[in-house]
Amino acid sequence: TRRITVGAAQLGAIQKSDSRKVAVERMLALMAEGHRRGVELIVFPELALTTFFPRHYAERIEEMDHWFETAMPSNETAPLFEAARRYRMGFHLGYAELTTEADETGTVRPRRFNTAILVNPDGRIILKYRKVHLPGHAEFDPNRRVQHLEKRYFEVGNLGFPVVRSPMGRVEGGINMGLLICNDRRWPEAWRVLGLQSVELVMLGYNTPSINQDAKGWEAHHLRVFHSHLSVQAGCYQNATWGVAVAKAGVEDGAELFGHSIIVNPQGEIVAMADSWEDQLVTYDCDLEMCRLGRTTIFNFAAHRRPEHYQRIVSQ
Ligand code: CDT
């Protein structure tokens, strides 16, 4: 059999004043609980080590550098890697990454990304992804009660949408695993690029406000969770993959994040969902063979896709 028990490790609010140590201790408690419940791969949210700091404005971007990680693992995050080895448990972690590297012009300079990594049970990073779809705005918006400054603090990811095939859980032959981050889940193109690499398990974390401040009444409150789930369920179904979508939830620095973390099967069904706005672990034993049906029939890409008619998607 090709089965793996995954854990969606939702985190409740992390306040501005909470240190990395506090966040990591909460994550370690979820890993310990996961170990008791047979979890082989645990998924933490986007920007899991801190509050969702893009809601705060700084004139100079460097003033925000204390929210970023310059090393992974670091002194603060090393216990997560140790726990992975101790429990033989893979993990997914989202964090803000500050690195010094060359840009497209060859200039070496500080660069900031909204990043996620996948770590295997040996405590080794086997996949890194940098968020491609950055929502929000780059300048202070006086009309917003809460800012969403991802376009100010992060560059567009430069690693594409990679998929790694690696042993995980009881699946020795390897699982094709890919990552998305938050807003990426709303873009079918992102899912399809993973699907074209025969992805079997997509992990993603999100920080999504309960209220759409741009909605002007059109996206009602109750549609926020619906749209999030709709996107993940469609992405899984149309690409014949399992999905684990994990929230930061609750009232963080006075702003509400809606939670509702889910695990979705390749038929697009929600098989497990968080029912709190607290730290909460929901688990499911995923049969990867389920990916086969879609992949060999209705979403057999080789047989049925018509890329010659999709030019507009990449040309504009
Ligand atoms: N973190 C993130 O990408 N959140 C967005 C909401 C953006 S609202 C300007 C999301 O798509 O969930």
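**Exercise 1. Describe how the axes of helix α4 and helix α5 are placed, and which residues make the contact.**

Step 1. The axes of helix α4 (residues 188-195) and helix α5 (residues 223-239) come within 10 Å and cross at roughly 30°. The axes are lines fitted to C-alpha atoms, for helices over the stretch in contact, with angles running from 0 to 180 degrees between N-to-C directions. Helices (H or I, at least four residues) and strands (E, at least two) are DSSP runs numbered from the N terminus. The model is predicted, so that local features need pLDDT of at least 70 and side-chain atom pairs count only at pLDDT 80 or more, while totals for chains, interfaces and linings use all residues. Residues are numbered from 1 along each chain as its sequence is written.

Step 2. The crossing of α4 and α5 is right-handed, a term used when the near helix is turned clockwise from the far one by less than a right angle. On the side of α4 the contact is made by Pro188, Trp191, Arg192, Leu194 and Gly195, and on the side of α5 by Gly235, Gln238 and Asn239; two residues are in contact if their C-beta atoms, placed from the backbone, lie within 7 Å.

Step 3. Sorted by type, the residues of this contact are three nonpolar, four polar and one charged. Here Ala, Val, Leu, Ile, Met, Phe, Trp, Tyr, Cys and Pro count as nonpolar, Asp, Glu, Lys and Arg as charged, and the others, Gly among them, as polar.

**Exercise 2. Is valine 163 buried or exposed, and which residues does it touch?**

Step 1. Valine 163 lies in strand β6 (residues 163-168).

Step 2. Valine 163 is buried because 23 other C-beta atoms lie within 10 Å; the cut-offs are 20 or more such atoms for buried, 12 or fewer for exposed, and partly exposed in between.

Step 3. Leaving aside neighbours within four places in sequence, valine 163 is in contact with Asn176, Met177, Gly178, Leu194, Gln197 and Val199. Leu194 also belongs to the contact of α4 with α5.

**Exercise 3. Find which residues touch the most other members of the largest nonpolar core.**

Step 1. A nonpolar core is a set of buried Ala, Val, Leu, Ile, Met, Phe, Trp, Tyr and Cys residues joined through C-beta atoms within 7 Å.

Step 2. The largest core holds 78 residues, of which Ala9, Ile42 and Phe44 touch the most other members. Apart from its neighbours within four places in sequence, alanine 9 is in contact with Met27, Leu30, Ile42, Val43, Phe44, Val246 and Leu281.

Step 3. A second, separate core has five residues, including Phe113, Leu134, Tyr153 and Phe154.

**Exercise 4. Which residues surround the ligand, and how do they divide by type?**

Step 1. The ligand is surrounded by Glu46, Pro135, Gly136, His148, Cys182, Asn183, Arg186, Tyr206, Asn207, Thr208 and Pro209, where a residue is near a molecule if its C-beta atom, placed from the backbone, lies within 6 Å of it.

Step 2. This shell divides into four nonpolar, five polar and two charged residues.

**Exercise 5. Locate the backbone features at proline 73, serine 198 and aspartate 253.**

Step 1. The peptide bond from methionine 72 to proline 73 is cis, with omega near 0°, and proline 73 has its place in the loop between β2 (41-43) and α2 (78-87).

Step 2. Serine 198, in the loop between α4 and β8 (201-206), has a phi near 55°, a positive value in a residue other than glycine.

Step 3. Aspartate 253, in the loop between β10 (249-252) and β11 (255-258), has a positive phi near 50°, and with 15 other C-beta atoms within 10 Å it is partly exposed.
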